[in-house]
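Welcome, and please take a look at the model below. The report that follows walks through a few places in it, one at a time.

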Amino acid sequence: MSDMIKITVDDKELEVAAGTMLIEVTDAVGIHVPRFCYHKKLSVAANCRMCLVEVEKAPKPMPACATPVNEGMKVWTRSEKALSAQKDTMEFLLINHPLDCPICDQGGECELQDLSMGFGGSSSSYQEIKRVVVDKDIGELVSTEMTRCIQCTRCIRFGEEIAGMRELGATGRGDRMEIGTFVEKSLSSELSGNIIDICPVGALTARPSRYNSRAWEMMQSPSIAPHDSVGSNVNLHTFKGNLVRVVAGENEAINECWISDRDRFSYQGVNAEDRVKSPMIKQNGIWKKVDWNEALESVAEKLKSVDPDDVGVLASPQATIEELYLLQKSMRAIGVKNIDHRLRQTDFNDQESMGLFPWLGMSITDIEQQNAILLVGSNVRKEQPLLNHRIRNAVIKNNAKVMTVNSFEIDFNYDVESQNISSPQEIVNTLAGIAKASISLSKAKVPAGLSDLLKSVRANSDGKAIAENLKNAENSVVFLGGLSVQHPNYSTLRALAAVISENTGATLGYLAESANTVGAWLAGVVPHREEAGIVSKNVSSSKAGKNTVEMIMNPSKVYVLLDVEPEFDCDDPQLAQQAMDAAECVISISPFADANMLTNADIILPSACYSETSGTYVNAEGVWQSFRAAAKSSSDVRPAWKILRVLGNKLGIDGFDYVSSTDVRDELKVACDTVSSVSNHFEISGIYIAPEKQDGLQRIGAVAEFCGDSVQRRATALQKSAPEQEVVQLNSAEVQRLSLQDTVENSSLVTVAQGNEKLSMPVLVNDLIPDGCVLIASGTQSSSELGSAFGNIEITS
Amino acid sequence: MASTPNVLSKHERDDIDHWLKRYPEDQSQSALLAALRAVMHEDHYLSIEKMDAVADYLSLPKITVYEVASFYSMYEMDEKAAGKNTIAVCTNVSCMLNGSDKIVEHIEEKLGIKMGETTPDGEFFFKIEEECLAACCGAPMMQVNHVYHENLTPEKVDEILESVKTKPSLHKKEANNG
Ligand code: SF4
Ligand code: FES
Ligand code: FES
């Protein structure tokens, strides 16, 4: 603890820690000092001078953001001297400002506007010509109006200190200094949108919502971001009931005050053109609008008319826990056991050994305390940008050693110890090598189920170094990411990760993929467990229902989809499509219906998007966060929990008389609270195998950055900002080997063949991909026509 | 990081390496001014390509290089400014009071170009110098290739310009792409 000292601010005595900056002290006690360049999460630049205050014995006013407190210091923040310094500063800051508030998106929520009202004068001594700065095009997400910039450099410091990549800078000097990228360039950071929030003026504003509405016309509602397992707090802004903008919310323990671009700009998807506005039933191939009663009656009828074993239920892990719970409860009540949310997983080998849910293994803030981190099959930077931010802090603050085992190299925004890159099959061996090294380090016995696999690999120096780093670190962790879950040998990767953690003392953690992956486990949307992990006799191992792959390989007669678009959300779009084709009836509870859905489905029940319903998400660390509806959905759209509740009534199930979503949540919460502890620990008991050797080109089908769920896929600005999602990526050696040089040279298309489908796609040479592999992202338009995310693929010119 | 070994000439790289040796290993940014100077000596201006190459060579973000290059007036970033000899006439207060306008006029007439332009043969670049060059006691003054010339008269200017021109050039420009 640092020493406490006494100071006086505005004649109030305060006891504060020595060495803190004055502005932190005044902020803590609620004395407002005006500021532009100071931001609590960024380094001190002290360049705007707006925070000048009077300090006893100081010859001139001092900047509160850069003045450390001293014993006995006397400060006046609103004395005549302080106020006049602030007023003069304000006058200087406005010299070159265009004062175009009437047409500025920031108007009404602008720090410059507010402070000039509060601290500025009513006229300016400056009569000369103002300067004009030409606007820069920095991409689809952020619009610029650089004449308004007051050069506080918050955006620059954000890039360097938080985003971990300097993209914006101050070029030129003096009155010609400009903020920009200097050469025309789109911002590429996955956190770039945060500069909109921190820019104190209207220089950087959100491009997709530009000129839509004024700040004071919008309603703000706190909510939870729906796209990754961080559970970032956001504020949804609605205008006349429509969701028009999203900004960061604050939660120090979760997202601090930052959000990913995905969470900020995905809202556009909510207003997509293919939103369904009323329930629909297909009769003789023709869609007919029906009322809710008729729609739900037919659903109930259909479900009652078939053998429950012929029903397959697939749910999106982006659905709220209330929706997932009611889905599970109603389906199980009528005897349906085939229910799953693990849409991209293909290896369910030892699903019984999973803990209550795929837990992070620690709190989000604890990530910063790690000294060694092994990432297995994870593109954490794109998958969970704000967990990556915590890992970055671990690297910066305690020199954490970050190591990866992945199928492609990742362009991290921090220094990593080692990236161990190989083809998807080969990463099993790489991880086995590390496991073997960890076993010999701790002189443990090889678990029987892994002995064949471990016998076949050699412990090498790389593996040994990784195991040692994990073992020697005070805090270390092995994280399994989304690519592991998608991997055809996920259970083997998981077992190996468990062995490594066991033998090195590292925590085992999961970087859950979606906003409510954890919630789906808790709600019992898995074929082998009911809510709160209960294994009743209905779902015990011999009687467990079918998992996603089984449901798709042996088509069910009836499918119930909860916000699932099979050709985008499932591992193998071709098989998923075949299953939908073969089904007698597909019932889709979904906010959207694209052409495919209209072909596949027979009954569509339009549900509300995340912004239009109350609900709860459980994040990777297991924190439950509930939110309320912020926007109105069109009149015949219902929150999915209500749809399912009424469906429960129609099916004649007891206990479906919930009045609000909180009733649903509380019922589940009570059940979950009886589970005493959460752990990722499991005994290696099954037999784990090495992948079969495969020849030929291998696909790596990591989920595209903005294609993880139905809402993001429809967010137009995000999609435009990431054209690389729809291309074939391979390294230059592979280009040579496949004789694609000319194709690359002429930027022409290649033919991609997987399963029974061929299609043309652009190519991008990316040397971060290993030999023998191509990266074709999953969840995209093009991949919706292809097969499994992993496996053989052909590329020809 | 994309290595761009051929963008920087051998001479430039040697020069940068020489400076790099003077600073701690993790402080490569310290060599940035010198690196840009090395490029200036060779090309007489900083192209984006060269600046990017310097950024890669020193493992710095590109924007850092642009910031530094655009801050100092000794660097030119426009290809049009790439003359073999750079003339900068001070037009600040002391020089102005002592007739710098006439000097400017004389040079413009003599070279047939305006301030801010380069002669068609690439021999002279007439820079717009905006700040006092700190030689007020010798006003009017000018700087030619970093050498100060004071108490100027049109005749003296002629002499100076002839002398730099007749000598092949202070900076030998040899294409040297090692
Ligand atoms: S653009 Fe905004 S954040 Fe960046 S320096 Fe200018 S005023 Fe500050
Ligand atoms: S806030 Fe203190 S100088 Fe800008
Ligand atoms: S005014 Fe020209 S040198 Fe100072």
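Predicted model: local features only at pLDDT ≥ 70, side-chain atom pairs only at ≥ 80, totals over all residues.

## Helix packing in chain B

In chain B, α2(B) packs against helix α4 (residues 62-71) at an angle of about 70 degrees, and their axes lie 11 Å apart. The two helices, α2(B) and α4(B), are therefore roughly perpendicular to each other. On the α2(B) side the contact is made by L32(B), L33(B) and L36(B), and on the α4(B) side by T64(B), V65(B), V68(B) and A69(B). Sorted by class, the contact of α2(B) with α4(B) has six nonpolar, one polar and no charged residues.

Residues are numbered from 1 along each chain as its sequence is written, chains are lettered from A and ligands numbered from 1 in the order in which they are written, and side-chain values use heavy atoms, with hydrogens and water left out. Helices (H or I, at least four residues) and strands (E, at least two) are DSSP runs, numbered from the N terminus. Axes are lines fitted to C-alpha atoms, for helices over the stretch in contact, and angles run from 0 to 180 degrees between N-to-C directions. Angles under 35 degrees count as roughly parallel, over 145 as roughly antiparallel, 65 to 115 as roughly perpendicular and the rest as oblique. Contact means heavy atoms within 4.5 Å. Ala, Val, Leu, Ile, Met, Phe, Trp, Tyr, Cys and Pro count as nonpolar, Asp, Glu, Lys and Arg as charged, and the others, Gly among them, as polar.

The helix α2(B) (residues 32-43) also packs with helix α1(B) (residues 10-20), at an angle of about 155 degrees and with axes 9 Å apart. That makes α1(B) roughly antiparallel to α2(B). Here H11(B), E12(B), D15(B), I16(B) and W19(B) of α1(B) meet residues of α2(B) that include A34(B), R37(B) and V39(B). By class, this contact of α1(B) with α2(B) has six nonpolar, one polar and five charged residues.

## Places in chain A

Buried means under 20% relative accessible area, exposed over 50%, and partly exposed in between (1.4 Å probe, protein chains only).

| Residue | Relative accessible area | State |
|---|---|---|
| T205(A) | 5% | buried |
| H227(A) | 4% | buried |
| S305(A) | 53% | exposed |

T205(A) sits in strand β9 (residues 204-206). Not counting residues up to four places away in sequence, T205(A) touches several residues, among them D105(A), L141(A) and R210(A).

H227(A) lies in the loop between β10 (219-224) and β11 (233-239). Its side chain has a polar contact (a pair of N or O atoms within 3.5 Å; within protein, one must be able to donate a hydrogen and the other to accept it, and residues adjacent in sequence count only if both atoms are side-chain atoms). With the side chain of S266(A), H227(A) makes such a contact at 2.6 Å, and with the side chain of D709(A) at 2.9 Å.

S305(A) belongs to helix α7 (residues 292-305). From S305(A) to S353(A) there are 48 residues in sequence and 35 Å in space, C-alpha to C-alpha.

Finally, helix α4 (residues 154-163) of chain A is mostly covered, with eight of its ten residues buried. Just after α4(A), G164(A) takes a positive phi of about 70 degrees.
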